[in-house]
Amino acid sequence: MKGMLVGTAVAVLLCVSLIGCGPEETIDVKQEAPPHAGSFKDDQRPFFDMQTECPVCGGTPIEQEFHVDTNEGRVYFDKQECADKFKGNQEQYMKQFKQKVNKVMMGGGS
């Protein structure tokens with residue numbers, strides 16, 4: 001009986017010592033930063049180089065293919081539907097977008 005207890009204790013200690021001794025599992029948590037307007041390579045100047053979200057719906061990521069050219073620079077969107085909405089009421093959306101850009105530039109977040 002005593003031998004069985006000693007054997008069980010040794011087995012338990014062996015199991016406990018082996019737990020976590022295998023190769024460490026690493027998780028790659030590198031997340032790509034969302035694209036920003038200044039990273040797009042085209043012939044147009046973006047309105048705001050650091051734009052990362054759609055000025056209509058706030059969606060991300062913005063896409064180079066969805067854009068509207070304004071007198072002040074190119075504005076990018078996450079989908080064509082938002083670009084079309086922007087075109088339909090450009091004055092209102094530009095006013096809101098400029099306010100957001102000014103807030104970001106003053107350190108007030110995105």
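Start with the whole chain in view: among contacts (heavy atoms within 4.5 Å) between residues at least 6 apart in sequence, 37% join residues at least 24 apart. You are looking at a predicted model, where local features need pLDDT of at least 70, side-chain atom pairs count only at pLDDT 80 or more, and totals for chains, interfaces and linings use all residues. Residues are numbered from 1 along each chain as its sequence is written, and side-chain values use heavy atoms, with hydrogens and water left out.

Now switch to a cartoon view. The chain has 3 helices and 2 strands, taken as DSSP runs (helices H or I, at least four residues; strands E, at least two) and numbered from the N terminus. Of the 110 residues, 25% are buried, meaning under 20% relative accessible area with a 1.4 Å probe, protein chains only.

Next, select helix α2, residues 80-88. Which of its residues are buried? They are Cys 82, Ala 83 and Phe 86. Look down the axis of α2: these buried residues line one face, because they fall within an arc of 100°, judged by the directions from the helix axis to the C-beta atoms. Show the neighbours too: the buried residues of α2 pack against β1 (63-70), β2 (73-77) and α3 (90-105).

Finally, select the cysteines. How many disulfides are there? The count is 0, a disulfide being a pair of cysteine sulfur atoms within 2.5 Å. For Cys 54, the nearest cysteine sulfur is that of Cys 82, 3.6 Å away. For Cys 82, the nearest is that of Cys 57, 3.6 Å away. Cys 82 counts as buried because its relative accessibility is 3%.

Note on methods. Buried < 20%, exposed > 50% of the residue type's maximum accessible area, 1.4 Å probe, protein only.
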